[in-house]
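Here is a short briefing to read with the model open beside you. Please take a look at the structure first, and then we will walk through a few of its features.

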Amino acid sequence: MDHFQGAIPSGAVLRLRALSDDPFFGYPRQTGPDRFLAVAPAPDLTAEDIAASLSDPGVRNSLTGSLIAAVKDRPSAGVCLDVRRAPGLGAEEMEALANDMAQYRADIGKLCLIAAPEAEFWTSSIVTGTFDLTIVTGFQETTTIFEPLAPTQWFEERVMPVIGVMDPARRGIALGTFGSIWTSGSATSRPVSFAEASWLMSMNDGQIGYSSRLGTSQISYVDEARRPNRIWLLDGVSFYNQLAEVGDGPAVVVWPLGFEDPSIWPILRAPSGNPAARDALREPIGMQDRVLEVGSGIAVTRIDPAIAGERQIDVDDAGRVIGQRMVTAPRPATVVRTMAVPSGTALLTFDGTIAEPHWSTLLRTLEDSRISATFFMTDQQILGQGESLNDLIGRGHTIGVMIKSHAEPGTFEARVEDVFNNGAQQLIAHLTNNRTAAARAWHRPLGSPSTPMQLDATLRLTEQGYLPIGSGATVRDIVADRDGMMDQLRDANLSGRPAVLTFDLTSPTADQSVAALPRVLLDLRRDGFAIRSLAEGTGLAHQTLMPPSSRAAVWRDTVSYAVLKFWYFKLTFVFLCLLIFAVIRSLIYLALAFIRRPTPPIDRSFCPGVTVIVPAYNESKVIVHSINSILESDYPNFEVLVVDDGSSDDTSAVVDRAFGSNPRVRLIAQRNGGKWKAENRALDHVRTPFFVGVDADTVLDPKALWWLVQPFKDERVGAVAGFVEVSNPHNFLTWCQALEYRVSQSVTRRSFEVFNGIFVVPGAIGGWRVAAVQAAGKYSGDTITEDADLTVAVHRAGYKVSFQENARAYTEAPSHVAPFLKQRLRWTLGMLQTSWKHRRTISEFQPIGIISIMDAIWFSLLTSFLSPLVDILLLFILVKLAFVAATDGMETMGPLPVAVIASYFVLLALDLVNTFAAFWFERRFSWRLLLLTPILRFGYRQLIYISSIHAVIRAASGRLPGWQKLQRRAAELGLPPDRVSMPEALFATRRRRGPTEHDTGVSSP
């Protein structure tokens, strides 16, 4: 408790003590209550001492200076002086103090005065005019069982006249919201809250009544010792009547907060005289946010839930409440503790573990002092200790679980926490053949819950069989915490609770605490403390705290915990190895991309017939754009075959209206059967040796067909992958896709062509040799990515798959997260299906299997699970290193975290190199894409991880998506202005010498 003091002429000291940093009063009817630093004369000072000191200008100046300094240390709206316990102060002394404080208003802030109605200075206009807020208390402190707290006559004759003489703009009244309990045989009373009074009434079958004459509710009951008890209680009924008497004039102060009947709040919110205020007394009395502790032991044995109360009231003709009855007694949530222990009992506990040699030093100190301590550990720390836990138990120590308890009850996070907590129990049972009931949460008062969230967390633990243990005085820095630690232990002893001393072994200065432990134990014993075990401190048997496990150990547990131990203590090194592997992989593919031979120019003499197949399903908005772009191609020998796969819109009608008279366009309609059936139906009508697959939402470059057929001059080529670009980059997501498309095709697909390992010919633009497709078994419905499936099948049929980077197509990319995730889900799931279907290519040692499929599985499946962990690990390391650098200096950092961070930024640098390589191959540079490159790993990649993980779940459950149509916007479909230019100089100028075997098919119009 802080004190502000000045010398009194007699040699005594006038002390003003700070009541609280936070206000215990406010303006419930106003939206922004001021916050004051409340001070009061020390309770051991008499009224004569106070009056004598305030008569001395020197003392007043000293006190004023102290208050100015206190306000600067504790930012507040001003100072509130509480002189309730000195009603004998005269007007002269208070006027002198008011004048002095008013001179320093700029430094002190607002001035507030709290006094009892019996004070003599209320009639002074100087006092009531100087203070910004004057508050008269509407209750009295009683000295006998026969005196109620706020008798109606006293309230009307003492309180109301004071309100009448106060400045209307500055006046306020403090209405009491507490009780006073008198027990037979006791000379004094003690204050009680409404929650405790209700609990006592409920547990002892007490009765409540209200006397309009006494102005106070009364509770009477007989306790377990057969002693009569009476509680004078200022509750919602007394509050309502007093508020009705006061009216809307003065500000209302609730005194004190936390003790009140919950019914007062709707009363305060209702306008004065409104029946809604009185009706609030008939509403259920909610106690869900009130917590009452029963018992003084260290451990919580159970929590009884709150019970809402139901009140009936009697009202006279004037609207005043004249009686009340409780149909159901309200009861707060009750925290029941273990039995009390003898005075001077202390318990020694430790949070976490510490590395050698400090661990051995700690155990040796405890053994030399013959102390049985309790060690609270997380699952990771338990794993780190391993079999040495048996040594701890053998030395007489108790093991507790440091549980996770931060989530809201009933949420998914809470269920995950329960899984981890149960796992820690199972781990202790596996290692020691014992379970534990002792539990504690990091820096959370589960042993003394005071908020609904803490209460729910503690309740969850007790329902699981745990005994939540409080932390008591926690030592994290022995030098800084030593004095405060001893004060907390003494206070606990005085309150009748065991003094719990906790050392945090995870703190940076834990080694100093271990070294100082012998001196601390000596000090405790000198102060009269007896250090006991947890069993002695709770009054529970050791077998209750650590019961034997009934579950026999099985080999699966051993394997599982070995994996967990590897996860906690070896995974960082593994991540480093994976990052190095990713760097090497990226460099190899980059080198192969540069090794790949340049594309030769177009040979106009090679002009075989080509059928452009356009499968469509509900593409009426965009299909006309797509077909028009195909017809605008300057390739002379092609036709278009549109297959409508049972569209529910007017796709067929749109195509027929736009191209029904065009001899180059044919339309086939069928029942809906899937894209692969539509493409196979089209193959039955193909009259050319080659066909090009084009999605209905894709726009072709005019020279795309010329470029696409060129690789087919090599009879070994069965398929050709074109180059797909994003036509609608306008937000972050679409620009990320544009960058991904460009880099993956310019670099990765180039490199895969070198060893004949192209995994997929895109459905947006891909050329196929009909004979190769027939040999591969045509399109299949075994997977949902029929293009990838057919590509691998063509490989297995003995053909090569080429890449033609100049054959350009432009497609609309998803511009929102939901459709993007759906699209990537289909792609990833199809990749998994294709890899599984063609898994024999691995044993056949085909490049498509041992390189492409293995690479796809690794980077699309395994890295989707590992990469988020790498990101989390990196973030964790960065935070940890920042803390270490700020506290211990960079020299204390180990080499491994630095290596992990360096490797991660090497990957970022490598991403930039790949982007520059794509720019080089494309002969196009974009500042936007370059600046976007390092950002791609933060946000966009995580979306891809989500879709990949979702794909694995779908694959395991067997739920496969269908066409997964993207909602297209025709305005965004077209040729982008920065598309690759295909100048005429790139074309070969040789004249055709005559027909070839490839000339069969469609003739030029």
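Two strands pair if DSSP finds at least two bridges between them. Strands (E, at least two residues) and helices (H or I, at least four) are DSSP runs, numbered from the N terminus. With that in hand, you can find V643 standing opposite I668 in β29.

This is a predicted model, in which local features need pLDDT of at least 70, side-chain atom pairs count only at pLDDT 80 or more, and totals for chains, interfaces and linings use all residues. Residues are numbered from 1 along each chain as its sequence is written, and side-chain values use heavy atoms, with hydrogens and water left out.

**The sheet and its helices**

- An open sheet is built from 8 strands with mixed pairing, in the order β29-β28-β27-β30-β33-β32-β34-β31.
- The edges are held by β29 and β31 (698-700), each with a single partner strand, so one side of each has no neighbour in the sheet.
- On average, neighbouring strands of this sheet are turned by 30° against each other, direction ignored; the axes behind such angles are lines fitted to C-alpha atoms, for helices over the stretch in contact, and angles run from 0 to 180 degrees between N-to-C directions.
- The pairing of β28 with β29 is parallel and spans 6 bridges.
- Helix α23 (residues 651-659) lies across β27 (610-616), β28 and β29, and runs at about 160° to β29.
- Helix α28 also packs on the sheet, where it touches β32 (717-726), β33 (766-769) and β34 (800-811); contact here means heavy atoms within 4.5 Å.
- The direction of α28 makes about 40° with that of β33.

**Salt bridges**

- The structure holds 42 salt bridges, each being a side-chain nitrogen of Lys or Arg within 4 Å of a carboxyl oxygen of Asp or Glu.
- One of them joins E639 to R666, with the closest N and O atoms 2.7 Å apart.
- This pair links distant parts of the chain, 27 residues apart, with E639 in β28 (residues 638-645) and R666 in β29 (residues 665-670).
- E639 counts as buried at 1% relative accessibility, while R666 is partly exposed at 23%; buried means under 20% relative accessible area, exposed over 50%, and partly exposed in between (1.4 Å probe, protein chains only).
- K837 and D782 meet in another salt bridge, at 2.9 Å from N to O.
- Here too distant parts of the chain are linked: K837 is in helix α29 (residues 817-837), and D782 is 55 residues apart from it in the loop between α27 (770-775) and α28 (786-796).
- K837 is partly exposed, with a relative accessible area of 30%, whereas D782 is exposed at 52%.
- Salt bridges that share partners join K675, D695, E786, D787 and R826 into one network.

**A buried helix**

- How many of the 10 residues of helix α7 (residues 194-203) are buried? The count is 8, so α7 is largely enclosed by the rest of the structure.
- The buried residues of α7 include F194, W199, L200 and M201.
- E196, buried at 18% relative accessibility, forms a salt bridge with R190, with the closest N and O atoms 2.7 Å apart.
- R190 is partly exposed, with a relative accessible area of 39%.
- After α7 comes D205, whose phi is positive, near 55°.
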